[in-house]
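Here's a quick briefing to read alongside the sequence and the 3D view. Take a look at both, then work through the topics below.

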Amino acid sequence: MALLFRTRTKIIKHLLFAKCSLTTNYSSNNPSFLGIAQYVCNNSSSFWSNSSHFRRFESTKAVELKLDSSYSSEDDDLDYTSVQAMDFPGGKVTFTSQMSFIAESTKMRVSCYRLLGGTPSTKIHQLVNQELAARMYTSMIKLQIMDTYLYEAQRQGRFSFYMASNGEEAINIASAAALSSQDIIFPQYREPGLLLWRGYTIQECTNQCFGNKDDLGKGRQMPVHYGSSAHNFFTISSPIATQLPQAAGAAYSLKMDNNKDACVVAFMGDGCTSEGDFHAGMNFAAVMEVPIVFICRNNGYAISTPVQDQFRSDGIVVKGQAYGIRSIRVDGNDVLAVYDVVRTAREMAIQEQKPILIEALTYRVGHHSTSDDSTKYRPAEEIEHWKTNQNPITIFRSWIERNGWWNEEADLEIRNKIKKEVMEAIQKAEKLEKPAVRELFTDVYDQPTKDLVQQEMLLKDFIKRHPKDYVTNTDVSH
């Protein structure tokens, strides 16, 4: 796969001359130039760590770089016969007498990497075998069915809140398949597919949504706010984008521990990029050069706010370059393309110890949550188009069927099996009692403080005085 990550040759040329004080023939055929280029390739780590990007400058005096007059390049807009440059924190800055503003956006949008339904690629059949493809497809089905039944259970008033991943199943499962179980996940709230892939069960998901005594979070979180230390999956937080600076810090800890077997993966929606924490997390990750992959699910809407009302940039992918982060845009409804990109980004993050940004273009075909009615801010025809023509599950099923890896009989069998599992899990979760009230006061201090003990007793007494209003487990003994 050729990931189209951009670099500017011009910058490298300037750095070569500044680093090595070149004032002679500037030509790729010049032995001096070739020797310098070879030095940079063989000693890239020491070259860059000692370069002007990572130290203060002793001077900001303008210096003249006398270059060979025979050199020319069609993609350069500078007169190299006599270029003035200034040492400035961050690198050499050249001067020009031509006033030119950087355009607010490029004429053409950044291309989107796609494999399924796009230009035929010979590598597509080398990415996954039948076993992996079947597992990815059944996992997408599992996520879809679990979302459908839990969403309906909430609408029936059986628990308080739910958020589905309808339309975004490919990002969930392809990312999960591309990552190692050792990679640390900082989710937003539409990534339950990663947990299911890693072994978190449907029963554990329903226990969390119902907040019963078997809920790993002890009923303290909102529904769908999953978390599991056993699966390297940090607990979801409701506030938008707070996970991003935390993820950058976790990646820094991996770097400090010299861990070369794992990276951090931080998920976000397009709405997260409108928060200050997005910029803080991106900048920290770039400056500290930490092994992290940022994955943005750009589904077109931040709840009811369309992307055109959030920013004027070309989506999210171009924001990475501003922070010095390698970036790529991928079709988020193409499970193989997402798998390929995430797998490659992971390798880069770990091997090169630097952040990567992925923008996955997708569409949320369901409502933002059970508290939302998306038909109030987007046309039904738009939703139906994406649901029918751009459905990631349908697209992937067509491909595996063409390969002879799947058929209608297998599809019906797995769907019936999963439906039964989900329905049984809901019935079981609903019957379990709630966590003991004492769990409200545990897991903060090793020994409860006096005020917590007092609050616990006051709550216990209040519940006893209003038994009809609070049918719960009031066991508060220690």
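Is Cys272 buried or exposed? Cys272 is buried, because its relative accessible area is 0%, and the cut-off for buried is under 20%. Keep in mind as you read on that this is a predicted model.

- Cys272, for one, is in no disulfide: the nearest cysteine sulfur belongs to Cys296 and sits 7.5 Å away, while a disulfide needs the two sulfur atoms within 2.5 Å.
- Cys112 has a relative accessible area of 34%, so Cys112 counts as partly exposed.

- You'll find Asp372 in the loop that runs between strand 10 (356-361) and helix 13 (380-389).
- Asp372 has a relative accessible area of 15%, which means that Asp372 is buried.
- The side chain of Asp372 reaches the backbone nitrogen of His368, at 2.8 Å.
- Asp372 also makes a side chain to side chain polar contact with Tyr377, this one at 2.7 Å.
- Leaving aside residues up to four places away in sequence, Asp372 touches Ile303, Arg364, His367 and Tyr377.

**Helix 8**

- Helix 8 spans residues 202-210 and is mostly covered, with eight of its nine residues buried.
- Among those buried residues of helix 8 are Ile202, Cys205, Cys209 and Phe210, and the list also includes Gln203, Thr206, Asn207 and Gln208.
- So what does the covering? For the buried residues of helix 8, the cover includes helix 5 (130-155), helix 7 (192-197) and helix 15 (408-431).

**Helix 5 against helix 6**

- Two packed helices are described by the angle between their axes and the distance between the axes.
- For helix 5 and helix 6 (residues 169-178), the axes come within 9 Å and cross at roughly 135°.
- Because of that angle, helix 5 is oblique to helix 6.
- The crossing of helix 5 past helix 6 is right-handed.
- On the helix 5 side, the contact is made by Leu132, Met136, Ser139, Met140, Leu143 and Gln144.
- On the helix 6 side, Glu169, Ala170, Asn172, Ile173, Ala174 and Ala177 take part.
- When you look at lists like these, remember that an α-helix has 3.6 residues a turn, so residues three or four places apart point the same way.

Conventions: Residues numbered from 1 in each chain as written. Predicted model: local features only at pLDDT ≥ 70, side-chain atom pairs only at ≥ 80, totals over all residues. Heavy atoms only, no water. Helix = DSSP H or I, 4+ residues; strand = E, 2+ residues; numbered from the N terminus. Buried < 20%, exposed > 50% of the residue type's maximum accessible area, 1.4 Å probe, protein only. Polar contact = N/O pair within 3.5 Å; in protein donor to acceptor, adjacent residues only side chain to side chain. Contact = heavy atoms within 4.5 Å. Axes fitted to C-alpha atoms, helices over the stretch in contact; angles between N-to-C directions. Parallel < 35°, antiparallel > 145°, perpendicular 65-115°, else oblique. Left-handed = near helix turned anticlockwise from the far one by under 90°.
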